[in-house]
Amino acid sequence: MLSFIEILKAILFGIVEGITEWLPVSSTGHMILLNEFVHMNVSEEFWDMFLVVIQLGAILAVVLLFWKQIWPFNFTGRSKTKDIMKMWFKIIVACIPAAVVGLLFDDILEKYLYNPITVAVMLILFGIGFILVENGHKGKRARVRSLAQLTYKDAIIIGLFQLIAAIFPGTSRSGATILGGLMIGVSRTVAAEFTFFLAIPVMLGASLLKVIRFGFAFSMAEAVILLVGMAIAFIVSVLVIRFLMGYIKKHDFKVFGWYRIVLGILVLLYFFVIK
């Protein structure tokens with residue numbers, strides 16, 4: 001029987017997902033850590049599926065906010081349609097490395113790497129990476145200042161950074177791809193937008209794979225928990241994406257780097273000293 005407490009937990013997880021999916025701080029890492037303190041009363045199989053499928057709510061926020069930029073048939077102009085189709089081909093290319101590794105090694109990666117210690121280490125490492133890259137790019141003009149200028153080589157490199165995030169929880173998929181983009185001269189705005197669009201096929205594919213493995217065998221309580229989490233993630237994601245796109249026009253990503261470092265240290269202290 002579904003309790004009110006479990007619904008509140010689903011709302012909390014939805015809020016955390018909506019915030020951390022798009023900020024470069026690792027949504028999976030935060031969800032794993034939250035689960036240490038707020039444990040949902042569900043089976044381990046459902047939790048593994050919930051952790052991924054709740055991201056569909058966040059994806060719908062991208063589709064809503066960027067519909068005109070991602071749907072190629074909104075325009076009568078053939079050049080605009082062609083540009084959007086080219087962008088999708090680049091997205092597909094960037095998705096290949098993570099898709100292959102995910103299909104072949106998903107269970108192994110979850111078994112050995114999806115734990116708080118890995119999360120903490122990757123939070124710190126990529127936090128340092130953001131600070132170093134931003135310091136190195138200070139005052140420099142970006143080579144790529146629009147999605148149309150992004151090359152297939154750029155897409156492959158960004159895709160390899162996404163692969164790192166797929167292997168190591170705590171890296172942050174958005175954080176890894178944005179950092180990769182910055183390192184090869186992509187502007188913050190373009191890196192963020194490409195990251196948002198890149199998430200659509202990645203999360204749809206990952207969610208479908210998880211649901212198939214789970215077997216569509218939802219109880220009524222599990223279905224409600226999943227739908228509530230997705231709905232909250234969608235609402236929060238809309239607000240967070242709007243905030244982030246405004247924020248990066250005037251600020252860099254160093255604040256997120258420092259946040260990652262501090263959080264990673266606190267996690268290590270908790271699991272090695274306190275717990």
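Student: What kind of model is it, and how are residues numbered?

Tutor: It is a predicted model, in which local features need pLDDT of at least 70, side-chain atom pairs count only at pLDDT 80 or more, and totals for chains, interfaces and linings use all residues. Residues are numbered from 1 along each chain as its sequence is written, and side-chain values use heavy atoms, with hydrogens and water left out.

Student: At what angle do α8 and α10 cross?

Tutor: The axes of helix α8 (residues 152-167) and helix α10 (residues 188-214) cross at roughly 65 degrees and come within 12 Å. Axes are lines fitted to C-alpha atoms, for helices over the stretch in contact, with angles running from 0 to 180 degrees between N-to-C directions. Helices are DSSP runs (H or I, at least four residues), numbered from the N terminus.

Student: Which residues make that contact?

Tutor: Ala155, Ile158 and Gln162 of α8 meet Phe194, Leu198 and Val202 of α10, where contact means heavy atoms within 4.5 Å.

Student: Which residues of α8 are buried, and what covers them?

Tutor: The buried residues of α8 are Asp154, Ala155, Ile158, Gly159, Phe161, Gln162, Leu163 and Ala165. Buried means under 20% relative accessible area, exposed over 50%, and partly exposed in between (1.4 Å probe, protein chains only). Their cover includes α6, α9 (173-183) and α10.

Student: Does the length of α8 fit, or rather, what span should its residues give?

Tutor: The 16 residues of α8 should span 22 Å at 1.5 Å a residue, and this agrees with the 23 Å between its end C-alpha atoms. The expected span is 1.5 Å times one less than the number of residues.

Student: Changing topic, how many salt bridges are there?

Tutor: A search of the whole structure finds 7 salt bridges. A salt bridge is a side-chain nitrogen of Lys or Arg within 4 Å of a carboxyl oxygen of Asp or Glu.

Student: What does Arg213 pair with?

Tutor: Arg213 forms a salt bridge with Asp106, at 3.0 Å from N to O. Arg213 lies in helix α10 and Asp106 in helix α6 (residues 78-113), so the pair ties together parts that are 107 residues apart in sequence. Arg213 is partly exposed, at 41% relative accessible area, whereas Asp106 is buried at 15%.

Student: And what about Lys210 and Glu110, buried or exposed?

Tutor: Both Lys210 and Glu110 are buried. Their side chains meet in a salt bridge of 2.3 Å, N to O. Salt bridges that share partners join Asp106, Asp107, Glu110, Lys210 and Arg213 into one network.

Student: Which residue does Arg188 pair with?

Tutor: Arg188 forms a salt bridge with Glu134, the closest N and O atoms being 2.7 Å apart. This pair links Arg188 in helix α10 to Glu134 in helix α7 (residues 116-137), 54 residues apart. Arg188 is partly exposed, with a relative accessible area of 28%, and Glu134 is buried, with 4%.

Student: Lastly, where is Leu123, and what does it contact?

Tutor: Leu123 is found in helix α7 and counts as buried, at 1% relative accessibility. Leaving aside neighbours within four places in sequence, Leu123 is in contact with Val25, Ser26, Gly170, Arg260, Ile261, Leu263 and Gly264.

Methods: Helix = DSSP H or I, 4+ residues; strand = E, 2+ residues; numbered from the N terminus.
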